[in-house]
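Please read the following report alongside the sequence and the coordinates. It takes up helix packing, the sheet and a few individual residues in turn.

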Amino acid sequence: MTDKILVIGGTGNIGYPLIKYLNQKNISVIAGSHNPNKAADKFQNLNHVTVKDFDFLDSSTFESAFNGVNKVFFVRPPQLANPQKDMLPFLKYAQQQKIDQIVFISLLGVEKNPMTPHHQIEQMILDLNLPYTFIRPSFFMQNLDTTHQLDIQKNHDLFIPAGNSRTSFIDTRDIGEIAGIALLNDKYLYQKLNITGPMALSYQEIAQIMTQVLGTTITYSKPSLWKFRKIMLQRGMKKDFVNVMVMLYLITQLGNAKEVTDTAEKVLGHKPRTIQNYIQDYENYFK
């Protein structure tokens with residue numbers, strides 16, 4: 001039987017590279033999106049992709065999205081911070097469909113941190129006996145061109161409350177490809193893949209590399225967690241989202257994001273991208 005894979009979050013930094021990878025392998029994809037028109041525009045040059053309306057908070061969208069599907073990939077939308085309410089109905093539905101595999105993008109170090117939504121979602125998947133693959137990446141390089149883009153563009157500053165800690169950043173394009181490989185190879189079933197980039201860097205070092213590549217001085221102002229939270233809330237970010245961010249940066253300050261593994265290289269069959277590769281490729285996002 002050939003696979004038909006439901007990808008939720010397919011327009012995002014991980015989902016889109018994943019769908020491109022599956023497209024190269026001629027795999028049928030259902031792209032579940034709460035904005036189907038926007039998603040259809042993004043996938044118009046790809047074959048084997050059908051866009052369906054999908055919303056974690058609306059169970060009436062599940063049946064159509066799951067139709068004919070045997071595997072599921074999903075990322076937790078950052079604004080959904082209450083897994084019991086936001087995710088459990090979806091996971092129970094997946095269980096009823098007797099799917100062959102669910103691939104969830106979790107978080108490096110999640111087993112040591114029961115407070116995170118990712119930990120709770122992993123536990124639900126285990127409790128429901130779903131055939132799983134947990135991909136546990138370190139921080140995304142692409143956080144710099146999304147969450148932190150404004151400060152880099154406007155103030156030429158990394159306004160990030162990470163202290164002097166080091167982080168083993170990974171490129172989301174590599175995560176997407178790893179997810180694709182895991183979905184198409186049974187040996188990754190029931191695996192917890194702790195994936196990182198090739199080295200752990202401080203934000204001071206990242207500021208220096210950005211300065212070199214962009215030709216503009218980028219600083220690292222090292223705000224306190226309290227100051228960061230206050231400014232993000234003032235900017236109108238959702239409180240739940242800001243609180244999860246603060247929690248993750250607290251974990252970073254405690255040294256939990258500095259682990260470097262060779263798992264990404266082993267799965268990909270080549271070294272993952274470096275922060276230099278990423279900054280060069282995304283140069284226009286920072287100017």
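## Helices α1 and α8

In this predicted model, helix α1 crosses helix α8 in the right-handed sense. The two helices, α1 spanning residues 15-24 and α8 spanning residues 172-184, pack at an angle of about 45°, and their axes are 7 Å apart. That angle makes α1 oblique to α8. On the α1 side the contact is made by Pro-17, Leu-18, Tyr-21 and Leu-22, while α8 contributes Thr-172, Arg-173, Gly-176, Glu-177, Ala-179, Gly-180, Ile-181, Leu-183 and Leu-184. Sorted by class, the residues of this contact comprise eight nonpolar, three polar and two charged.

Helix α1 is mostly covered, with seven of its ten residues buried. The buried residues are Gly-15, Pro-17, Leu-18, Ile-19, Tyr-21, Leu-22 and Asn-23, and they pack against strands β1 (4-8), β2 (28-33), β3 (49-53) and β4 (71-75) as well as against α8. Just after the helix, Asn-26 takes a positive phi of about 60°.

## The seven-stranded sheet

The strands β3-β2-β1-β4-β5-β6-β9, in that order, form an open sheet of seven strands with parallel pairing. Its edge strands are β3 and β9 (191-195), each of which pairs on one side only, and the twist from one strand to the next averages 15°. In general terms, strands of a sheet pair through backbone hydrogen bonds, either parallel or antiparallel.

Strand β1 has a parallel partner in β2, to which it is joined over five bridges, and another in β4, where the parallel pairing runs over four bridges. Strand β2 is itself mostly covered, five of its six residues being buried.

## Helices on the sheet

Helix α1 lies across β1, β2, β3 and β4, and its direction runs at about 165° to β1. Helix α8 also packs on the sheet, where it touches β1, β4, β5, β6 and β9, and its direction makes about 165° with that of β6.

## Strand β6

How many of the six residues of strand β6 are buried? Six of the six residues of this strand, which covers residues 132-137, are buried, so β6 is largely enclosed by the rest of the structure. In a regular strand the side chains alternate between the two faces of the sheet. In β6, Tyr-132, Phe-134 and Arg-136 point one way, whereas Thr-133, Ile-135 and Pro-137 point the other way, and all of them are buried.

Strand β5 (residues 101-105) pairs with β6 in the parallel sense, over four bridges. Within this pairing, Ile-105 has Ile-135 of β6 as its bridge partner.

## His-148

Is His-148 buried or exposed? With a relative accessible area of 1%, His-148 is buried, the cut-off for that class being under 20%. Not counting residues up to four places away in sequence, His-148 touches Asn-143, Phe-159, Ile-160, Phe-228 and Tyr-249. The C-alpha atoms of His-148 and Phe-286 are 9.8 Å apart in space, although the two residues are 138 residues apart in sequence.

## Helices α10 and α11

Two packed helices are described by the angle between their axes and the distance between the axes. For helix α10 (residues 225-234) and helix α11 (residues 239-253), the angle is about 155° and the axes are 10 Å apart. The two are therefore roughly antiparallel to each other, the class that takes angles over 145 degrees, and α10 passes α11 in a right-handed crossing.

In the contact between these helices, Leu-225, Phe-228, Arg-229, Met-232 and Leu-233 of α10 meet Lys-239, Val-242, Asn-243, Met-245, Val-246, Tyr-249, Leu-250 and Gln-253 of α11. By class, this contact has nine nonpolar, two polar and two charged residues. Phe-228 and Tyr-249, which take part in this contact, are also among the residues touched by His-148.

Note on methods. Residues numbered from 1 in each chain as written. Predicted model: local features only at pLDDT ≥ 70, side-chain atom pairs only at ≥ 80, totals over all residues. Heavy atoms only, no water. Axes fitted to C-alpha atoms, helices over the stretch in contact; angles between N-to-C directions. Parallel < 35°, antiparallel > 145°, perpendicular 65-115°, else oblique. Left-handed = near helix turned anticlockwise from the far one by under 90°. Contact = heavy atoms within 4.5 Å. Nonpolar A, V, L, I, M, F, W, Y, C, P; charged D, E, K, R; others polar. Buried < 20%, exposed > 50% of the residue type's maximum accessible area, 1.4 Å probe, protein only. Pairing = 2+ DSSP bridges.
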